[in-house]
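Trainee: Could you go through some terms with me, using the structure itself?
Mentor: Gladly, let's begin.

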Amino acid sequence: MSLLDRFYGNDKAKEALVFYQRDGRFPHGILLEGTEGSGRKTFARLIAAAALCEGENPPCGQCRHCRKILKGIHPDVQTISSEPGKKSFSKEQIERLRADAWVKPNEAPRKVYILCEAQYMTSWAQNALLKLLEEPPAGVLFLLTCDNRSKLLETVQSRVVALSLMEPGETLTAKALLEQTPELGEERAWQAAVQSGGNIGRAKRLLTDEKYAALLERAADLCGKMEKSDWFGILQVLAGFENDREGLLQCLEEIRQLLAKNTKDSFVAKSDRQFRILPLQAGKVLDIIEQGMEYARQNMSMPLLTAWLGAGISSVFEE
């Protein structure tokens, strides 16, 4: 049995990985695009395991390389994220990567670098990485994860193979939760699956993090106010974040995740009901939220920011 059997949904991405492994020629750069909780980092580790696996049905999960990768201790597989308190990778991180990429592997036939949340890389960092992607060292595989490939430079996008990871849906999410925690019970598993929008990562967090669950409830409440064109209600929910900049950023991120699918589908799921929001409206709100998140990171006054967001979002549903 392959570890891929434990990764739910995303058959196209898994088929691509099987093809690369059987063909023996992995692209030197792969971009994994998907929403938070869709399994980008998990799938990146599966790609790394498949690239180094010595067993049958790669990634087998049993050979020495697979075991070390799953434990996060393989010397030839590095996971690189932004430093604590920062969004983008530092200049020092990129320079270390550029130097290390030319060093031969310790024990595997190749080296793998997993760059998490690449959408936050500055233009400088992306251009510095571009030089490696254009003329990569032999036997080096770069795996980038991001929520939206459009946030990366076109030159970077053109140098990698993009694989989209989709949320597996409510049924598979509930199945995954029950298989991993049977004591949860079908009703609770299904409730978490629906409330998370069929996103396994978010569903797990809902079950273990009460603060996150409350935050998601507030995000869903704001979506409900949008559906009803409740201008006062929208302002009221946002006003609750006037002294919580980080909480507002997290809430906006959750709303962004909920609405992202609405550019094609006309509903947002919350527990056992659905909010009807038109794709065009969802797209306009997403633009406002993106700008609002940027203002928040620039330390805009919180009362001013929440008022700006409320007025902008409300105007979408008054058109």
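Mentor: Buried means under 20% relative accessible area, exposed means over 50%, and partly exposed lies in between (1.4 Å probe, protein chains only). This is a predicted model, where local features need pLDDT of at least 70 and side-chain atom pairs count only at pLDDT 80 or more, while totals for chains, interfaces and linings use all residues. Residues are numbered from 1 along each chain as its sequence is written, and side-chain values use heavy atoms, leaving out hydrogens and water.

Trainee: What makes Arg-205 and Asp-209 a salt bridge?
Mentor: A salt bridge needs a side-chain nitrogen of Lys or Arg within 4 Å of a carboxyl oxygen of Asp or Glu. The closest N and O atoms of Arg-205 and Asp-209 are 3.7 Å apart, so the pair qualifies.

Trainee: How do you know that Lys-151 forms a salt bridge with Asp-147?
Mentor: Their closest N and O atoms are 3.2 Å apart, and the limit is 4 Å, so this pair counts too.

Trainee: Why is Asp-147 called buried?
Mentor: Asp-147 has 13% relative accessibility, and buried means under 20%, so the word applies. Lys-151, at 31%, counts as partly exposed.

Trainee: Which residues are linked with Asp-147 and Lys-151 in a network of salt bridges?
Mentor: Glu-253, Arg-256 and Glu-290 are linked with them.

Trainee: How many salt bridges does the structure hold?
Mentor: The structure holds 17.
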